[in-house]
Amino acid sequence: MNITVIYSTGRKGSSSTYQIAQMLIKELLEDGTCFEFQLPKDMPHICTGCYACIHGQEQKCGGATAMAPILTAMEESQLILFCAPTYVFHIPGQMKTLLDHFAYRWMVHRPDLSFLKKQAVIINTAGGGGMRSTLRDIKDSTENWGIARTYCLSQSVWNYTWKELPVSFQNSIQIKVKRTARKVRHHAKHLTPSCKVRCLFMLYRFLHKHQKMSAVDDAYWQKKRYTTGTPWKANL
């Protein structure tokens, strides 16, 4: 299994999200390749709302060069990990910046429906509250990209660094990592999109089939032949 992992910060040794990601990668990587990206270093460009991507000119975006290797890695992976600690009840700004550049890849616009055969895990830690809203920030994107299954692995770590974590916290993390790995392996055998993802696909397929959306997006769906069949059963 190939894995793409995106870290919200460059912290490693003391970062709980980083260390949890390493545990999950060790469980699932096997003979695959792990592609790693660190924010904001690997995606420094902030979306300016130029609308180039929405108008079908994503290569004119100032962040296109930085996005290219990230997109390639995702396309070559079966699992995508997002490491996102909670910052004031939401994802870190650098993770939001990355997600902003994927606006045109939402199913309502011009998705890559090979993502219907991929899974994602959101790894989230927090010193206090805000875990649910942080997870929602990312899950909104993964579901609208068409990723088949998205799992959430959250852990409250209070104000502890990784090396200071109490034994009870460590045990909780180990259980959650094992449980998440089992879910990923189980669904990988016969992967089908979740009910919500299928419903989103059906809705947008209907709209694009009847040319109810923008001309650029309707033409894309027609060209890709996404308006017929069930892509998760096809060789995309």
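Predicted model: local features only at pLDDT ≥ 70, side-chain atom pairs only at ≥ 80, totals over all residues.

Q: Let's begin with β3. Is it covered or open?
A: Mostly covered. Five of its five residues are buried.

Q: Which residues sit on each face of β3?
A: L79, L81 and C83 are on one side. I80 and F82 are on the other. Both faces are covered.

Q: Which way does β1 run relative to β3, parallel or antiparallel?
A: Parallel. Strand β1 covers residues 3-7, and five bridges join it to β3.

Q: What stands opposite Y7?
A: C83 in β3.

Q: And how many bridges join β3 to β4?
A: Five, and those two strands run parallel. One partner pair is I80 with A120 in β4.

Q: How does the chain get from β3 to β4?
A: It crosses through helix α3, residues 93-100. This β-α-β crossover is right-handed.

Q: Which residues of α5 are buried?
A: F169, I173, K176, V177, T180, A181 and V184.

Q: Why might residues three or four places apart in a helix point the same way?
A: An α-helix has 3.6 residues a turn, so residues at that spacing point the same way.

Q: What do the buried residues of α5 pack against?
A: Helix α1 (16-28), plus strands β3 (79-83), β4 (119-126) and β5 (149-156).

Q: Now M74. Where is it?
A: In helix α2, which runs over residues 64-75.

Q: Is M74 buried or exposed?
A: Buried, because its relative accessibility is 0%.

Q: What does M74 touch?
A: Beyond residues up to four places away in sequence, M74 touches T4, I6, I80, F82, F102, F115, K118 and W145. Two of those, I80 and F82, lie on one side of β3.

Q: How far is M74 from F35?
A: Their C-alpha atoms are separated by 8.5 Å. Along the chain they are 39 residues apart.

Q: And E143, buried or exposed?
A: E143 counts as buried because its relative accessible area is 8%, and the cut-off is under 20%. E143 is found in helix α4, residues 131-145.

Q: What is E143 in contact with?
A: M107, R136, K196, V197 and L200, leaving aside neighbours within four places in sequence.

Q: What about H190, buried or exposed?
A: Exposed, because H190 has 69% relative accessibility. H190 is in the loop between α5 and α6 (195-209).

Q: How far is H190 from F35?
A: They are 24 Å apart, C-alpha to C-alpha. In sequence they are 155 residues apart.

Q: What lines the largest pocket?
A: It has 24 lining residues. C53, E58, C61, H101 and Y104 lie nearest its centre. Helix α2 gives the largest share of the lining, five residues.

Q: How many cavities of 30 Å³ or more are there?
A: One, from a search of the whole structure. The largest cavity holds about 30 Å³ of space.

Q: Which residues line the largest cavity?
A: Y7, S8, T9, R11, S15, T17, Y18, C83 and P85. Y7 and C83 are also the pair that stand opposite each other in β1 and β3.

Definitions and conventions. Residues numbered from 1 in each chain as written. Heavy atoms only, no water. Helix = DSSP H or I, 4+ residues; strand = E, 2+ residues; numbered from the N terminus. Buried < 20%, exposed > 50% of the residue type's maximum accessible area, 1.4 Å probe, protein only. Contact = heavy atoms within 4.5 Å. Pairing = 2+ DSSP bridges. Right-handed = clockwise from strand over helix to strand, strands pointing away. 1 Å grid on protein atoms, 1.4 Å probe; cavity = no way out; pocket = protein on both sides within 12 Å on 5 of 7 lines; lining within 4 Å. Points joined across faces, edges and corners; volume = space filled by probe spheres on them.
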